[in-house]
Amino acid sequence: MTLLTTAPADLAPALVPPPATRTLTLGKAVNTALRDAMAADPKVLVMGEDVGRLGGVFRITDGLYEEFGPERVMDTPLAESGIVGTAIGLALRGYRPVVEIQFDGFVFPGYDQIVTQLAKMHARSLGKVRVPVVIRIPYGGGIGAVEHHSESPEALFAHVAGLKVVSPSDAQDAYWMLRQAIEGDDPVIYFEPKRRYYEQGDLDTTRPTRPLHGARVLRQGTDATLLGYGPTVKTCLAAARVAEEEDGRSLEVIDLRSVSPLDFASVAASVRRTRRLVVVHEAPVFFGAGAEIAARVTEHCFHHLEAPVLRVGGYHAPYPPSRLEEDYLPGLDRVLHAVDHVMSF
Amino acid sequence: MESADREKSPGSTREAAAPVQLLTPDGRRVEHPEYSIDVSPEELRGLYRDMVLARRVDAEGVTLQRQGELALWPSLLGQEAAQVGSARAVLDGDHVFPSYRDHGVALCRGVDPLALLAMFRGVSNGGWDPEDHGFHLYTLVIGSQTLHATGYAMGMAKDGAHGAAVVYFGDGATSQGDVSEAFNFAAVYDAPVVFFCQNNQWAISEPTEKQSRVPLYRRADGFGLPGVRVDGNDVLACLAVTRAAMQRARCGQGPTLVEAFTYRMGAHTTSDDPTRYRDSAEVAHWAAKDPIARLRTHLLDTAHADQAFLDEVDHTADQAGQRLRALVRSMPAPDPHAIFDHVYADGHSLVDEERAQFARYEASFAETGGN
Ligand SMILES: Cc1ncc(C[n+]2csc(CCOP(=O)(O)OP(=O)(O)O)c2C)c(N)n1
Ligand SMILES: [Mg+2]
C-alpha cells in the first residue's frame, strides 16, 4: 500500500469535496482514525491489553470491539514481547496490526522484539519482507501519574534504523498521522501525548497534503524559532504568545511531528530566517532528539546562527514522583527562560 | 458478564484440583490430607486483627484518593486472607518481593503504611529500605520482580542462609516472559523462592481465561516445580500452604508455585470502572466468600473471640486509619532538588551540573519574585 500524498489541491476544484470539519478531542481523533482504518482495510487489526471491552485504559479503542469483534480487536495476554512479536508474525502474514502499549514505561518488555526484529526484518530480507506494524504509545507526563506512566522514550526508538517515530500534537494530526502510519509499509512508533488527549481540535476529513514526516510551521516569527512536538507544542505556542505580549518578541513555532525521519529542511529554513533555535521536549535532553537537531543545525546553518541552539527538557534523572513533575517538565517558565537566554547573545 | 468470547474459552471446564481449604466460607474448620495447621486461639485472633487492619488501611487509601490526596490507589479489598495468611508464613531472615497491591503483606512485615501512601501520593517512588523489614520495593512493571526474587534466593542459597524469598504477582503477570523465566531459573538452580500468585480473576478488564488455558498452578509442572492452588479467601489455608512452601525452600528443596484463588472485589485501581467489563452477580458471588467474615464467624462459633474483641479490633483499626489520614494530609511536599538525589551510587558529573543549574534557576525566581 502506498502513502497517499497526492494533494487534493491538484484536483479540479469541482472535484474537491466540501471540507467536512468537526470538533473532537485528540483522543477521539485517534479512536476515529482506528475505526476508519479498520473499515477501509480488513487487514487492519488492533491488539493490546484491555483494548477490547474496556476500550483501553484511555478509551482510545472505545467501541471498536463492539463494531469489529474479537477477531480484529484482540485483548491479548499481558505480555508486551508477546504482543509485538505476534504482531510481527501477523504482519508477515499480510495483516496490518496496530498495537497499543498501555503506558510508555511498559513498552520495554517488548523492546527486544521492536529493536532486534521489527526494525531490521525489511533490511535483512533485502526488501522482500514488509512489516507494517504500528505501535501506539501514550507518552509523556503532566497527568499526576505513578512511576513508569509519564516517560518520553522516543529517542530510544529514533536511534534505531528501520523504525519511524512520530508524535501528533492536535486532533487533526492525531487522526491523519495515524491513518498514514497504518497505510505505510514501515514500522511506526506512534507516540500519543496523553496529557493532550482531552484537548479539543478541528478535524478536516479531507485528506491532507502534508506527508506523515513533514514538520509544520504553526506561527511565523522573526526573532527565534521554538521547536516542539507532541505535548510541548502547546507549551511552545503559549510561550510565543507570552513573549510577544510581554517582551514584544516575534517567535516562530514549529511542530516537528516526526522525530524520525526529521524534516530537517523545514527546521533549517526557519533557523536561517530567525537565526536562533530553542528545542523543547519532555524527554531528557542528554542524547535526546534536541541533541540531534542542535548538531545538525550547527553543521548546516552555522553561519546563520546568532546564538547556540538551546534545549529545554527533562533532566538526567529518573522521572520524579508526580508531586515534582512540574519541576522536571519543560513548562512555560523554563521555555521563556530559554528564550531570554537565546536572545541575550 | 459472560461475553461471547469468554463462553468459547475452555476456562469454565478445564481441569483444576479443588483448592486447599481449611476454613469454609461459613466459618467451619475442615481438615486437608496434606496441609494441617495447628493455630492457637491467640494466633487466630491475630490473623483476624491483621486482616481488619489491612482492609481499614486500604479503605483509607481509596478515600484519600477520592479526596484528591492520592494520585491513585490499588485496592486489596477481597485479598486480605491471601496477603495476611501468606505474609504470616514469612519469618525474619526471609525476604518479600511485592507487586503493587500487597499492602496487607507490607503491614504484616512492619512496613509503615505511610510509606505506601506516600508512593501513591506522588511523593516518592518507594523510598523504604528493603532490608529493614525484608520487604523489597513495590514493582509496577508487571512480573519483573519474580526474577529479582529468584536471584535474591539464589544469593541466599550461595550464602548458606536459612531464609527463603517469596514473590507476589498477579494472574495477569503469569503471561509475562519474565515470570516464565523466573520459574525456570528457580527450578534449574533449586532456588529457595516461593512464587505466590494472587489469582484475583482479573487483570484490569481481562479475565484469567485470557491469560491461560490451564489453571495457573499447573504452569509449575512444565518447569519442574510443585504447584498448588489454595483457597485465597481462607487465611488458614494460605498460611498453611505458604508455610509449607517456605519451609521446603528453606530446607533446600527448591521453589514452589502457590496460586491463591481469590477475587479483586474493587476496581483495578481508583482510575478504573469495572462496571464496563464485569457483572455485579460475579461480585456478589465472591462477596459471599468474604475472607474476614468467615474468620469472624469461626471465632464467634468457637468462642475464641467475643463481640468485645471484634469491637476493639474495629476501633483500633479505625484509629490507625484516622491517624494515617491526618498524616497523609499533612505530608510535606517533596523538595524539588530531590529530583537529583540518588540517581547514581557513585555520582555522575552531569547530574551534579544539572543540579547546580536547577538551583540557579530556582534562585533566579527568588531574586525577581517569579516571572
Ligand atoms: C509490563 C507492564 N505492562 C502493563 C502494565 C499495566 N498494568 C498495570 S496492572 C495490569 C494488570 C495486572 O493484572 P494482574 O497481574 O492480574 O495483577 P492485579 O492487578 O490483578 O493485582 C496492567 C496490564 C504494567 N504495569 N506493566
Ligand atoms: Mg489479577
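Predicted model: local features only at pLDDT ≥ 70, side-chain atom pairs only at ≥ 80, totals over all residues.
**Entry 1: ligand 1**

I counted the shell by class. Around ligand 1 there are 11 nonpolar, six polar and four charged residues. In total, 21 residues surround the ligand. I wrote down the closest: Glu80(A), Tyr100(B), Arg101(B), Leu140(B) and Gly172(B).

Does the site belong to one chain or is it shared between chains? The surrounding residues come from chains A and B, so the site is shared.

I found an oxygen atom of the ligand 2.6 Å from a polar side-chain atom of Tyr100(B). The side chain of Asp171(B) has an N or O atom 3.0 Å from an oxygen atom of ligand 1. I then checked the cover. On its own, ligand 1 has 580 Å² of accessible area, and the protein covers 94% of that.

**Entry 2: the magnesium ion**

Asp171(B) turned up again here. Which residues coordinate the magnesium ion (ligand 2)? I found Asp171(B) through OD, Asn200(B) through OD1 and Trp202(B) through O, at 2.1 to 2.2 Å. Along the chain, these donors follow the spacing D-x28-N-x1-W. I placed two of them. Asp171(B) sits in the loop between strand E2 (165-170) and helix H8 (177-188) of chain B, while Trp202(B) is in strand E4 (residues 202-203) of chain B. The two are 31 residues apart, and the pair links distant parts of the chain.

Are these two buried or exposed? Asp171(B) has 1% relative accessibility, so I list this residue as buried. Trp202(B) has a relative accessible area of 5%, so Trp202(B) is buried too.

**Entry 3: domains of chain B**

I looked up the domain assignment of chain B. Domain 1 runs over 3-330 and domain 2 over 336-367. Taken over C-alpha atoms, the centres of the two domains are 39 Å apart.

I also checked Ala338(B). This residue lies in the loop between helix H13 (307-329) and helix H14 (349-368) of chain B. Its relative accessibility is 32%, so I call Ala338(B) partly exposed. How far is Ala338(B) from Ser124(B) in space? The C-alpha atoms are 9.9 Å apart, although 214 residues separate the two in sequence.

**Entry 4: a buried Glu in chain A**

I found Glu192(A) in strand E7 (residues 188-193) of chain A. Its relative accessibility is 0%, so Glu192(A) counts as buried. I looked for a partner. The side chain of Glu192(A) makes a polar contact with the side chain of Tyr197(A), at 2.4 Å.

**Entry 5: backbone notes, chain A**

I noted a cis peptide bond between Ser260(A) and Pro261(A), with omega about -5°. Pro261(A) lies in the loop between strand E12 (258-260) and helix H9 (264-274) of chain A.

Then I looked at phi. Arg257(A) is not a glycine, yet its phi is positive, near 65°. Arg257(A) sits in the loop between strand E11 (251-255) and E12 of chain A. With a relative accessible area of 2%, Arg257(A) is buried.

Arg275(A) also has a positive phi without being a glycine, at about 70°. I placed Arg275(A) in the loop between H9 and strand E13 (277-284) of chain A. Is Arg275(A) buried or partly exposed? Its relative accessible area is 31%, so Arg275(A) is partly exposed.

Key. Residues numbered from 1 in each chain as written. Chains lettered and ligands numbered in written order. Heavy atoms only, no water. Donors = N, O, S within 2.8 Å, 3.2 Å for Na, K, Ca; no water. Helix = DSSP H or I, 4+ residues; strand = E, 2+ residues; numbered from the N terminus. Buried < 20%, exposed > 50% of the residue type's maximum accessible area, 1.4 Å probe, protein only. Domains from an automatic or database assignment. Near = heavy atom within 4 Å. Polar contact = N/O pair within 3.5 Å; in protein donor to acceptor, adjacent residues only side chain to side chain. Areas by Shrake-Rupley, 256 points an atom, 1.4 Å probe, with all protein chains shown as cover. Nonpolar A, V, L, I, M, F, W, Y, C, P; charged D, E, K, R; others polar.
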